Amino acid sequence: MASSANHLSFSLSSELPPHSSLHRANSSEFFLRFQNSPAPSSLRSSFVSPVKIELNRAGVSASKASRIGSRISASSTPVMDQSPSQTSSRVPTTVEVDLGNRSYPIYIGSGLLQQPELLQRHVHGKRVLVVTNTTVAALYLDKVVEALTHGNTNISVESLILPDGEKYKNMDTLMKVFDKAIESRLDRRCTFVALGGGVIGDMCGFAAAAFLRGVNFIQIPTTVMAQVDSSVGGKTAINHPLGKNLIGAFYQPQCVLIDTDTLNTLPDRELASGFAEVIKYGLIRDAKFFEWQEKNMEALMARDPDALAYAIKRSCENKAEVVSLDEKESGLRATLNLGHTFAHAIETGVGYGEWLHGEAVAAGMVMAVDMSYRLGWIDDSIVKRVHSILKQAKLPIAPPEIMTVEMFKSVMAVDKKVADGLLRLILLKGPLGNCVFTGDYDRKARDETLKAFANC
């Protein structure tokens with residue numbers, strides 16, 4: 001979608017120069033649309049800016065452009081066209097997050113914790129701190145320590161076992177990581193290793209970003225939620241009593257190691273929770289992936305290894321592509337938060353840990369889809385398909401009864417996507433696989449959605 005006015009234009013080929021970077025001008029609002037196309041990936045955007053920048057295989061050029069309204073649109077080819085039969089969970093696969101000299105690999109496969117060289121190549125000093133929780137430690141801590149030290153007597157490993165649960169994702173628990181690191185006299189060449197789900201990954205990553213002003217860290221996610229979403233992209237944070245993930249930093253790991261065997265011990269509820277984020281990718285930017293999920297949700301719920309490997313890789317490729325284009329969520333990356341504004345209000349309102357993050361995201365996506373339909377931006381077939389696939393995944397399609405309209409509004413008012421007092425939302429618009437990130441919507445539709453799903 002192109003503007004008739006002169007505009008800041010980014011045009012990116014599917015293979016960017018290795019050290020290209022993408023920056024935006026300040027603007028109060030974004031509109032983003034993804035469309036599946038057989039052409040190479042491209043991003044075209046327009047902002048209030050005097051500069052026109054074009055990125056392609058030849059490099060970067062800049063020229064003058066005139067002032068236009070703040071609007072951004074994008075198109076993307078499906079990032080993967082393999083069938084599950086071509087993606088065996090027994091064969092390690094690598095997805096690259098392209099961030100120039102801070103790029104890193106995501107290793108995906110079965111039995112990766114039995115391949116010490118994968119971890120050891122990303123440990124640059126002699127000291128390692130593994131941060132995990134009481135549940136995961138009993139299952140995988142010894143395996144990780146063995147992988148870190150096998151054949152390498154120079155590596156010294158410390159470990160910290162934290163309590164398990166979202167309610168511990170706070171400043172008090174974070175301080176325990178710093179206490180352990182300082183008491184162990186770790187230096188700037190040390191490496192932190194996050195072994196666990198999203199809570200551990202977020203806290204360990206934030207601790208690594210702040211300790212001695214930044215030390216290396218590695219992500220070893222052990223839940224679907226962490227493997228397909230939170231371990232990739234460098235978002236780290238802790239919660240505040242007034243809102244989720246309000247205190248944190250963007251800080252990229254050295255690598256992400258996803259051993260799909262760790263899902264064998266994951267409780268069914270946690271497994272289903274992670275599928276909410278998988279479904280999200282299909283809704284916002286990858287219609288073919290969504291269609292595949294509709295046909296294969298039963299296999300995913302049954303933990304079919306090939307289906308899981310395919311879903312994880314496809315999700316990571318979608319996430320890596322977006323992060324490579326917009327690392328610090330200046331616009332494009334915000335679309336990965338479909339339903340999350342409603343979801344974070346649910347998690348804060350009922351108390352952290354009462355609902356799993358994916359459960360809240362599922363209900364939040366239903367609310368975002370409902371609002372999109374009320375605005376006339378999607379047809380009812382998408383609404384029905386979203387309800388159907390979430391039911392297949394045994395995920396909720398409505399928030400808990402305790403939630404009121406006022407609870408939603410008070411928490412949403414401090415959401416990270418608020419800019420100059422304006423709450424911007426990610427909503428679906430057009431055919432499946434298209435979304436917008438915008439503050440330009442009818443508030444009546446938002447209020448009608450809140451009244452339909454929450455108590456007055």
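**Before starting**

The model is predicted, so local features are reported only at pLDDT of at least 70 and side-chain atom pairs only at pLDDT 80 or more, while totals for chains, interfaces and linings use all residues. Residues are numbered from 1 along each chain as its sequence is written, and side-chain values use heavy atoms, with hydrogens and water left out.

**Stop 1: the whole chain**

Display the chain as a cartoon. It has 13 helices and 17 strands; these are DSSP runs numbered from the N terminus, with helices being H or I of at least four residues and strands E of at least two. Of its 456 residues, 57% count as buried. Buried means under 20% relative accessible area, exposed over 50%, and partly exposed in between, with a 1.4 Å probe and protein chains only.

**Stop 2: the nonpolar cores**

Select Ile106, Ile279, Leu283, Leu390 and Phe408, the residues with the most contacts inside the largest nonpolar core, which has 87 residues. Such a core is a set of buried Ala, Val, Leu, Ile, Met, Phe, Trp, Tyr and Cys residues joined through side-chain atoms within 4.5 Å. Centre the view on Ile279: beyond residues up to four places away in sequence, Ile279 touches Phe290, Gln293, Met297, Met365, Ile389, Leu390 and Ala393. Contact here means heavy atoms within 4.5 Å. Another core, of 23 residues, lies apart from the largest one and includes Leu160, Phe178, Cys204 and Phe206.

**Stop 3: aromatic pairs**

Rings of Phe, Tyr and Trp (its six-membered ring) pair if their centres lie within 6.5 Å; planes under 30 degrees apart count as stacked, over 60 as edge-to-face and the rest as tilted. By this rule there are six aromatic pairs. Select Phe192 and Phe211: their ring centres are 5.7 Å apart and their planes are at 25°, so this pair is stacked. Phe192 lies in strand E9 (residues 191–196) and Phe211 in the loop between helix H4 (198–210) and strand E10 (216–221), so the pair ties together parts that are 19 residues apart in sequence. Both Phe192 and Phe211 are buried.

Next, select Trp292 and Tyr310. With centres 4.6 Å apart and planes at 50°, these rings form a tilted pair. Trp292 belongs to helix H7 (residues 287–301) and Tyr310 to helix H8 (residues 305–325), 18 residues apart.

**Stop 4: helix H13**

Select residues 443–453, which form helix H13; its buried residues are Ala445, Arg446, Thr449, Leu450 and Phe453. They cover an arc of only 135° around the axis, which puts them on the same side of H13; the arc is that of the directions from the helix axis to the C-beta atoms. Lys444 and Lys451 are exposed on the other side of H13. The buried residues of H13 pack against helix H9 (340–350), helix H10 (357–374) and helix H12 (405–412).

**Stop 5: Trp377**

Finally, select Trp377, in the loop between H10 and helix H11 (380–392). Is Trp377 buried or exposed? Its relative accessibility is 18%, so Trp377 counts as buried. The C-alpha atoms of Trp377 and Gly430 are separated by 5.9 Å, although these residues are 53 residues apart along the chain. Leaving aside neighbours within four places in sequence, the residues in contact with Trp377 include Leu427, Gly430, Val436 and Tyr441.
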